Structure formats: structure tokens, C-alpha cells
Amino acid sequence: MGYYAVKILVSAVLIVLISEIAKRSTLFGALVASLPVTSLLAFIWLYLDTGDNARIAALSTGVFWLVLPSLAFFVVLPLALRAGWAFWPSLLAAILATVAGYGIMVPMLRKYGIEV
């Protein structure tokens with residue numbers, strides 16, 4: 001139970017840290033947020049939990065392929081906000097664009113035999 005508490009605490013601290021940095025500097029906040037912090041944490045936690053390098057390699061490959069459709073989020077959100085949409089509808093549109101991207105990418109990867 002203590003191990004899960006440490007995982008949650010470290011993950012939460014990083015998220016709060018990024019949001020606090022972004023309050024002071026959007027450039028530095030974007031830089032830190034663009035780092036693959038979530039992926040790094042997932043790789044570390046998975047390694048500590050399993051020690052399975054093959055599983056970590058598979059996760060890393062999956063992350064690579066699924067980052068591509070997730071970029072739709074970062075295109076749609078600012079476009080919607082700059083078009084005058086309110087934050088919540090903009091966020092929803094960006095999420096839906098990302099889901100649509102996954103909906104296209106995952107079957108395409110399967111078609112070409114790429115495991116994710």
C-alpha cells in the first residue's frame with residue numbers, strides 16, 4: 001500500500017509542479033509539460049513492478065505511435081479557443097478530435113501488423 005502511495009504522490013507532485021510553472025511562464029510550462037514525464041513515470045513504475053524490459057519496450061513503441069493522433073488535441077484546443085469558444089467546449093472538442101485520431105490510428109496500426 002505504501003508503494004502505491006509513493007507512486008501517486010510522485011505523479012501528483014509532478015502534475016502540480018507543471019501547472020505552477022505554467023502560471024509563471026507559459027513557455028517554460030509548455031517545455032516541461034512537453035517532456036514525456038508521464039511516459040517516463042510509467043516506464044519507471046512498470047520496470048520497478050515487473051523488471052520486464054520487453055514489456056517496457058512494447059509500451060514505449062505504443063506510446064510513440066499513439067502520440068501522433070494525440071497531437072490533434074494540441075491543434076484543436078488553441079484553434080477553438082482563439083475562435084472564441086469557451087474553455088470547456090474547446091476542451092471537449094480537442095478531446096473528441098483526439099479520440100477520433102485514435103479511432104483512425106489504432107485500426108491502421110493493426111492493419112499493418114503494428115502491435116500497440
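Colleague: Is K7 buried or exposed?
Modeller: Happy to start there, with the caveat that this is a predicted model, where local features need pLDDT of at least 70, side-chain atom pairs count only at pLDDT 80 or more, and totals for chains, interfaces and linings use all residues. Residues are numbered from 1 along each chain as its sequence is written, and side-chain values use heavy atoms, leaving out hydrogens and water. Buried means under 20% relative accessible area, exposed over 50% and partly exposed in between (1.4 Å probe, protein chains only). With a relative accessible area of 14%, K7 is buried.

Colleague: Which residue forms a salt bridge with K7?
Modeller: A salt bridge needs a side-chain nitrogen of Lys or Arg within 4 Å of a carboxyl oxygen of Asp or Glu. For K7, the closest N and O atoms are 3.0 Å apart, and the partner is D49.

Colleague: How many residues apart in sequence are the parts that this pair ties together?
Modeller: Helices here are DSSP runs (H or I, at least four residues), numbered from the N terminus. K7 lies in helix α1 and D49 in helix α3 (residues 37-50), so the distance in sequence is 42 residues.

Colleague: And which residues are linked in a network of salt bridges?
Modeller: Good one to look at! E20 pairs with K23, the closest N and O atoms being 2.9 Å apart, and R24 pairs with E20 at 3.5 Å. E20 is partly exposed at 28%, whereas R24 is exposed at 67%. The network links E20, K23 and R24.

Key: Helix = DSSP H or I, 4+ residues; strand = E, 2+ residues; numbered from the N terminus.
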